[in-house]
Amino acid sequence: MKMNKTFSLDVDLIHQLRKRRNQSKTICQALRIYLADDQWDRQKAMIDDLPLRTMLRAVMRHPDASQTLKAVIDAEMKKEF
């Protein structure tokens, strides 16, 4: 559920925010990270908002990723999402 609220923001933040496609989503993401209780919650909030393809590319580059895992990810990346 969404709710409209009015907050005061610094002018420089407003100028930077205007460059973003979905301003509400950007604010929600930043607040989830800021309000997280501990480091795990902050990391989870950041990971939850990452696009799947970005996460898959990161796993492919990880030194511990097996060749089998890389092959599966490569095949998935070639599919259309």
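The lining of the largest pocket in this predicted model divides into eight nonpolar, four polar and five charged residues. In total, 17 residues line this pocket. Met3, Lys5, Ser24, Ile27 and Cys28 lie nearest its centre. Helix α2 gives the largest share of the lining, with eight residues. The space in the largest pocket comes to about 580 Å³.

The second largest pocket holds about 250 Å³ of space. Its lining has eight nonpolar, two polar and one charged residues by class. Leu9, Leu13, Ile14, Gln16, Leu17, Arg20, Thr26, Ile27, Ala30, Leu31 and Tyr34 make up this lining. Two helices, α1 and α2, each supply at least two of the lining residues. The largest share again belongs to α2. Here that helix contributes five residues. Ile27 lines the second largest pocket, and Ile27 is also among the residues nearest the centre of the largest one.

The patch covers about 770 Å². Phe7, Leu9, Leu13, Ile27, Leu31, Tyr34 and Leu35 form it. Helix α2, which spans residues 23-35, supplies four of these residues, the largest share. The relative accessibility of Phe7 is 65%. Phe7 therefore counts as exposed, since the cut-off for that class is over 50%.

Charged side chains were examined next. Side chains of opposite charge can pair when their charged atoms come close. Three salt bridges are present in the structure. One of them joins the side chains of Asp48 and Lys44, with an N to O distance of 2.9 Å. Both residues belong to helix α3, which runs over residues 39-48. Asp48 and Lys44 are four residues apart, about one turn of the helix. Lys44 has a relative accessible area of 39% and so is partly exposed.

Another salt bridge links Lys78 and Asp74. Here the N to O distance is 3.2 Å. The two residues lie in helix α5, residues 67-78. Because Lys78 and Asp74 are four residues apart in this helix, about one helical turn separates them. The partners fall into separate accessibility classes. Lys78 is exposed, at 64% relative accessibility. Asp74 is partly exposed, at 32%.

Glu76 forms a salt bridge with Lys79. Their closest N and O atoms are 3.4 Å apart. The relative accessibility of Glu76 is 32%, so Glu76 counts as partly exposed.

Val59 has a relative accessible area of 34%. Val59 is therefore partly exposed. Val59 and Lys70 are eleven residues apart in sequence. In space, their C-alpha atoms are 7.9 Å apart.

Notes
Residues are numbered from 1 along each chain as its sequence is written. This is a predicted model: local features need pLDDT of at least 70, side-chain atom pairs count only at pLDDT 80 or more; totals for chains, interfaces and linings use all residues. Side-chain values use heavy atoms; hydrogens and water are left out. Patches are made of residues with over 30% relative accessible area and no salt bridge: like charges are joined within 9 Å, nonpolar side chains (Val, Leu, Ile, Met, Phe, Trp, Tyr) within 5 Å. Accessible areas come from the Shrake-Rupley method with a 1.4 Å probe; for residues, only the protein chains shown count as cover. A salt bridge is a side-chain nitrogen of Lys or Arg within 4 Å of a carboxyl oxygen of Asp or Glu. Buried means under 20% relative accessible area, exposed over 50%, partly exposed in between (1.4 Å probe, protein chains only). On a 1 Å grid over the protein atoms alone, a cavity is a set of points where a 1.4 Å probe fits but cannot get out, and a pocket is an open set with protein on both sides within 12 Å along at least five of seven lines; lining residues have an atom within 4 Å of a point. Grid points are joined across faces, edges and corners, and a volume is the space filled by probe spheres set on the points. Ala, Val, Leu, Ile, Met, Phe, Trp, Tyr, Cys and Pro count as nonpolar, Asp, Glu, Lys and Arg as charged, and the others, Gly among them, as polar.
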